[in-house]
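This report describes the fold and packing of one protein chain, beginning with a single residue and widening to the whole model. Please keep the sequence and the structure in view while reading.

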Amino acid sequence: MIKKDGNKAAGPAALAKVIDLVEMRTAQRRSTLAIFDLDGTLFDNRTRTMFILREISEKFDSALPQLSRAFSSFRDLSVVDYSLDVTLKRLKVTASAEIKFVKQEWARRFFSDEYQKYDMPLAGAKAYVEKIHAAGATVIYLTGRDVGRMLVGTTEVLRLYGFPVGVAGTMTIVKKESEQDDELFKREVSEYIDRLGEVVAVFENEPANSNILRARFPGAVSFFVETQHRPGAPRLDAGIIRIKDFRPPGRGK
Ligand SMILES: [Mg+2]
């Protein structure tokens, strides 16, 4: 088991090993699958939130004095938390009417096709997905985004950054209904994926999802990406490997 402060090279080494395994299986003409979550796993969403808040503050400038003021001292993305409430607090937006309005406007944009292009891929993410795809694995993007509001934007941003999408050896699985529970959705879909072939690697940033997928695919290497996740998350199960990003061993860690 790799602990939080454990061997820092273990994650990148495990990433490389997965590629070797895929190549081996492909040479044996066997099917392999790699499951990638998107939000907080392949993509950093904090840029999307900051872009949206900036847009809202510009558009509604005089109606949102606290938010507009926040941007005069905004310095870096560390201000952005998983929870928008926390982020607004850090930005010193405390007036309840302003908070309510900002949250409404933020949600309308955040969960829509148009704003996903403001996400930023994690370091090494695109190169790694490309590599595992080229090695012969079927890349499965498994995301809690929903088909009605976000499928087009999801595909667009994957293509924009050069991730393999829409081509042979890829699959994008989103929710049919936006209100569907995230964990239940991933649990159900994983039963389907289980029938498709051998899952060799799973990438997640939510401990609950990571544990569910670890239990479903015990033979796969399970990676937990240390970005942001829901507050009050369960403990990560033993044997799940923590990574900060997707860079290969020895690259600026
Ligand atoms: Mg996620």
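## A residue and its contacts

Leaving aside neighbours within four places in sequence, I132 is in contact with V18, I19, V22, A34, A137 and V139, where a contact requires that the two C-beta atoms, placed from the backbone, lie within 7 Å. The model is a predicted one, in which local features need pLDDT of at least 70 and side-chain atom pairs count only at pLDDT 80 or more, whereas totals for chains, interfaces and linings use all residues. Residues are numbered from 1 along each chain as its sequence is written.

## Nonpolar cores

I132 is also one of the residues that touch the most other members of the largest nonpolar core, a set of 44 residues, the others being A34, I35, F36 and V200. A nonpolar core is here a set of buried Ala, Val, Leu, Ile, Met, Phe, Trp, Tyr and Cys residues joined through C-beta atoms within 7 Å; a residue is buried if 20 or more other C-beta atoms lie within 10 Å of its own, exposed if 12 or fewer, and partly exposed in between, with C-beta atoms placed from the backbone. Strand β6 (residues 198-204) supplies the largest share of this core, five residues, and a second, separate core of 13 residues includes I52, L64, L67 and L91.

In soluble globular proteins, nonpolar side chains tend to be buried together.

## The sheet and its strand β1

The protein has nine helices and eight strands, taken as DSSP runs (helices H or I, at least four residues; strands E, at least two) and numbered from the N terminus. Six strands form an open sheet in the order β5-β4-β1-β6-β7-β8, with parallel pairing, two strands being paired if DSSP finds at least two bridges between them. Because β5 (170-175) and β8 (241-243) stand at the edges with a single partner strand each, one side of each is left without a neighbour in the sheet.

Strand β1 (residues 32-36) pairs in the parallel sense with β4 (residues 138-146) over four bridges and, likewise in the parallel sense, with β6 over five bridges. F36 has Y141 as its bridge partner in β4, while I35 stands opposite V202 in β6. Five of the five residues of β1 are buried, so this strand is largely enclosed by the rest of the structure; T32, A34 and F36 on one side and L33 and I35 on the other cover both faces in this count, as all are buried.

## Helix packing

The axes of helix α1 (residues 10-27) and helix α6 (residues 125-134) come within 9 Å and cross at roughly 20°, which makes α1 roughly parallel to α6. Axes are lines fitted to C-alpha atoms, for helices over the stretch in contact, and angles run from 0 to 180 degrees between N-to-C directions; those under 35 degrees count as roughly parallel, over 145 as roughly antiparallel, 65 to 115 as roughly perpendicular and the rest as oblique. L15, V18, I19 and V22 in α1 meet Y128, K131 and I132 in α6.

Helix α8 (residues 182-194) lies across β1, β4, β5 and β6, and runs at about 155° to β4.
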